[in-house]
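Work through the following exercises with the model open beside you, and try each task before you read its solution.

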Amino acid sequence: MGEAIAFYSLAALILGLGLAVITARSTVYSVLFLVANFLCVAMLYVLLRAEFLAVIQVLVYAGGIVVLYLFVVMLVNLKRGPEDHADPRRRDRLGLAMAGLVFGQLLAVAIYAFWPSQATGGASATAARGIGNVEQVGHALYVEYLVPFEVASVLLLVAMIGAILLAKREL
Amino acid sequence: MTPITPTHYMALAAALFTIGVIGVLWRRNLIVIFMSLELMLNAVNINLVAFSRQHDHVTGQVFALFVIAVAAAEAAIGLGIILAFYRNKETVNVDEIRLMRW
Amino acid sequence: MIDYVVIPLVQIAILLVGVLTAVAYLVLLERKVQAWVQVRLGPMRVGPHGLLQPVADIVKLLVKEDITPARADKWIYTLAPIIVLVPALIVFAVIPFGQSVTLFGVSIPLYIADLNIGLLYIVAVASLGVYGTILGGWSSNSKYPLLASLRASAQLISYEVAVTMTLVSMILVAGSLSMVEIVEAQQAQGWWFVFLQPVAFFIYFVGGLAETNRAPFDLPEAEQELVGGFHTEYSGIRFALFFLAEYANMIVISAIATTIFWGGWLRPFPSVEFLAFLDWVPGWAWFIAKTMVFLYVFLWVRATLPRYRYDQLMRIGWKVLIPLAIANVIVTAAWKVLVAG
């Protein structure tokens, strides 16, 4: 019962804030709505018993990536609004129709995949919860997925060097 | 009231993904397009974590962790490109960033 | 019902009142300590020895005229101080002031929540405080605050990396992310962790000075530099919120240093039987005493050291503290694998 309330309210918040991100009139407002969206998604992760991922979401996504977006938005301080030049050849309606098709497709897959097994589906009671969530993720990360872990760290190093190079005024 | 099944989470993720797709296709501001991309990645993450919860296996969360790491790298590079471009052309409107050379 | 709702609510109420009072009197303490260092007396007029000065300050700030700069973004201008204050207060939820206290037969734990990811929660919430700094400067629609806010936020995110690395090495030593378990690990081991990891504590403290924009790293908000930094255009209650947030952050850094490095609520030398007579002092008294020592060091450093220039500040953060912190993690991990197991 409590889980249902939490889920529906969080879902409403996530979708509402997502719509606000793409429709806000000022880019800074979009960024702030994005932060709120990420915080709500982090709460959803806590609801799904993935506490480590929830905190990482706040730390990396909301506290790091979106700060980067905010910096760029402030450095790109335009004198005129970015969308004053409305290109008349934009195909708004076609884009919306395509997005609606994507949504319908995803929803169909979801319902088809899960409809017959709704009796047994759902949040299965996890009896074997002896070790905490962090230990589980840590174990999986360092034992089974060690190579992807190292590759991800090299990727981040390369991205850091690339970002510094791109942002320099002269090479 | 029906219990919250993974189908609910998938529906939420599908809706969030669609919102991201609308943002990418509709908005002309390059930074908002990037932010819609982040929305899409978040939708994927919600799916992964919901599956991890359903199968009681931590692999889904590890996958989502890697998605976050790659999203961080991609955001850094993407915003670096936007900044470099803005320094040259003074715009972030996608309709105006159309020429390979000017 | 009582366990989950009533007790936490009472704890939160006590904590908020306590923290806000402590912050108000910390402001007075700072003025007094700085005055004594400079061989003068500080505020003496309001109340005996100036002890009612915080009340006067708060009344003044609350009744000031509400000015918003022209063409400033009204919503964000009001939101920025709130965004800085809320993370500073939320962090107190995981800080353990002691083990537990028995009142009216009910055992009340002296922490609001013992999260199994407590330390990570602190780092995550602290990283949200950057937004208020950036938005405060940007929404003022004025050049000096904008520059100062960009500088301040760059400083914050740089030193965040070093502080997080030292906390990682402490997680390695303690073997847990939960704050209560870290203190219990120090109790089981018999030594406060600062004796095992002095370098980590040094880096953490210097990083904490930089995180709270305190001297010698207070360039972004020093009056002699940038006209007052990112809160130049703020006055009245909004400025009061920025001020509160800065001092609350100071208390948070001191409380975390106490918990992780200096034994939390443990008495000095918890393993030495000889000193067991000190046990009549309750745990929370030890905690508050140690936190006050660190707060005093904060004020002492401000009165003593000259300010760093911005490029020196960034150089220290990136070229000195971060490599040192990473080396500390490597050495700690190697020690843990080879020696302790």
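**Exercise 1.** How many residues of chain C are in contact with chain A, and how many residues of chain A do they meet?

**Solution.** Keep in mind from the start that this is a predicted model. Counting contact as heavy atoms within 4.5 Å, we find that 22 residues of chain C meet 19 residues of chain A. The next step is to look at the area buried between chain C and chain A, which is about 1,900 Å², with carbon and sulfur atoms giving 83% of that area.

**Exercise 2.** Describe which helices and which kinds of residue chain C brings to chain A.

**Solution.** Begin with the polar side of the interface: between chain C and chain A there are two residue pairs in polar contact, while the number of salt bridges is zero. At least two residues each come from helices H3 (74–90), H4 (118–128), H5 (130–139) and H6 (143–174) of chain C, and among these H4(C) gives the most, with six residues. Finally, sort the residues on the side of chain C that touches chain A, which gives 18 nonpolar, three polar and one charged.

Conventions. Residues are numbered from 1 along each chain as its sequence is written. Chains are lettered from A and ligands numbered from 1 in the order in which they are written. This is a predicted model: local features need pLDDT of at least 70, side-chain atom pairs count only at pLDDT 80 or more; totals for chains, interfaces and linings use all residues. Side-chain values use heavy atoms; hydrogens and water are left out. Buried area is the accessible area (1.4 Å probe) that two parts lose on being put together, summed over both. A salt bridge is a side-chain nitrogen of Lys or Arg within 4 Å of a carboxyl oxygen of Asp or Glu. A polar contact is a pair of N or O atoms within 3.5 Å; within protein, one must be able to donate a hydrogen and the other to accept it, and residues adjacent in sequence count only if both atoms are side-chain atoms. Helices (H or I, at least four residues) and strands (E, at least two) are DSSP runs, numbered from the N terminus. Ala, Val, Leu, Ile, Met, Phe, Trp, Tyr, Cys and Pro count as nonpolar, Asp, Glu, Lys and Arg as charged, and the others, Gly among them, as polar.
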